[in-house]
Amino acid sequence: MQNAWAYPCFESEYWGKPDYQRLRVENVCSRLGLVSLAYLWKQEQSTLLEHMIDRGIHAVLVKVAALGLEPYKHLGKDLSTLRPLLTLLSNMYGCNVCGEGGEYESLTLDCPLFKNARIILDGFNIVLHSPDSIASVGVLHISNFHLERKSECLTSQSTYPDTASADCSLVTWVTEDAEGKQTSSPVVSLASLCPQKDDIGSENGDGLLEFSNHTSQLCRISIGKGSELFTCACWRESANNQFLDVKDELMLILQALKWELREKGLGWADVLFVHLYLADMKKFADANDVYLKFITDKECIKGVPSRCTVEVPLVEGGLGSVMVELLVAHDKSKKVLHVQSISCWAPSCIGPYSQATMHRGILHMAGQLGLHPATMSLVSGGAGAQMDQALINCEAVVQAFSLGPHFPATSFTIYCTSSAGDEGLKGISNELEKYLSAAKENDSPEFKLGSQAFIPTPLVHFVLVPALPKGYDLLSFPFFS
């Protein structure tokens, strides 16, 4: 991957390994400015094996290390021959048919990407590393091989897919997600905008923090009370119609919130969820540029908090251009899902926010758009289709926490824009109703209310907002518990 520096056209890294490798690949890609492509991640393994074989991948086993796989019997055999056995072992012992549990290693001798030649093994030896009576470990040592040109081979007319003429329109090269977009404008210095710690005055009765050296830059902080959780919101009033640039204002607000958390012995790592309200969604990239300077992977060891960003009429209410609301936990028990890779699972979060945060049995999920995960493009068919895709994405995130399908939702907040129209709103309502009905009909977890079991009906809020990120019409914001 270090070749990215030598080859500017190198924009992505493709892989399909488990979670622990995904995190490492994403970490490296983020430092190199690359996008991780993980289209094989979270795929059903039996189906994946079938697709690899059907699409012309000829791979042979070069190592076995599992019950039912014998070195002298199965090494050198191709996957298509061994597929029935691998399926049987999966059903009997829970083995991974693709070998992701270390059951076997394979070597690809031919596939549609090999345009000119295939690999032919002329000689090999089988070496036993561990001659165990239950699960022997053996390795295929290749002693000789050659390349066979496909045009000269009698089997060159085999039914391999023609990838050269394949429709690649479903693949979109993502150089930078809008949530992580960087701008060339310099970030204003903290020293020039924010007072030093000694400059902060006391909080008065209505929650107003006054900066003694910045009397025109007033921030209000509102803190909710709670034993386990509390909310902390911060905004700036536009006194005498004096407005700051969105970067300057968000810098002040985030610094004020940081100090407030520090006073309570907390930090950004203790934040579960962030509501980012903007007066103008066109300033989203500028706000995001400042946001990622504060809330980083370094500050949040367990993962950055989930986030929802919408445009609201702040200025009309006498406020500034930005308002930030935090949901903060007193304990360290949160679990964060932050997948930056583009895959077929759910939309990636390349920006400084995570898909969901689990805390004490409640799943706080980031706002979900109607994006197709593999292409990161908006699905066609209007607001109803977008809602359907957003709910599919929600289900994928829920299942990533091993909560099972149709895990009951506590509430849904559906942000819509006026451009969705009446028909769009009807489509959104219909898709949500279908989803909630399916949740009740399927094997969802049941709860006890007295002596009766019931599946809770979530609260649903429809909120009309001026604009949403990327100019989309719909943003689903669910809570699950």
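The legends below describe close-up views of a predicted model.

View 1. L67, L88, M92, Y93 and I134 together make a nonpolar surface patch of about 500 Å². One of these residues, Y93, belongs to helix 4, which covers residues 79-93. The relative accessible area of Y93 is 45%, so this residue counts as partly exposed.

**View 2. The largest nonpolar core.** This core has 34 residues, and L250, L257, W268, V324 and L326 are those with the most contacts inside it. At least two residues of the core come from each of these elements: strand 9 (219-223), strand 10 (229-237), helix 6 (246-263), strand 11 (271-278), helix 7 (284-294) and strand 13 (319-329). Helix 6 supplies nine residues, the largest share of this core. In soluble globular proteins, nonpolar side chains tend to be buried together.

**View 3. The surroundings of L250.** With its neighbours within four places in sequence left aside, L250 is in contact with L276, A287, V290, Y291, V322 and V324. V324 is, like L250, among the residues with the most contacts inside the largest nonpolar core. Apart from that core lies another one, of 27 residues, including Y277, L314, A374 and V465.

**View 4. Helix 7.** Is helix 7 largely enclosed by the rest of the structure, or largely exposed? Of its 11 residues, 10 are buried, so helix 7 is largely enclosed by the rest of the structure. The buried residues are F284, A285, D286, A287, N288, D289, V290, Y291, L292 and F294. Among them, A287, V290 and Y291 are in contact with L250.

Definitions and conventions. Residues numbered from 1 in each chain as written. Predicted model: local features only at pLDDT ≥ 70, side-chain atom pairs only at ≥ 80, totals over all residues. Heavy atoms only, no water. Patch = residues over 30% accessible without salt bridge, like charges linked within 9 Å, V, L, I, M, F, W, Y side chains within 5 Å. Areas by Shrake-Rupley, 256 points an atom, 1.4 Å probe, with all protein chains shown as cover. Salt bridge = Lys/Arg side-chain N within 4 Å of Asp/Glu carboxyl O. Helix = DSSP H or I, 4+ residues; strand = E, 2+ residues; numbered from the N terminus. Buried < 20%, exposed > 50% of the residue type's maximum accessible area, 1.4 Å probe, protein only. Core = buried A, V, L, I, M, F, W, Y, C linked by side-chain atoms within 4.5 Å. Contact = heavy atoms within 4.5 Å.
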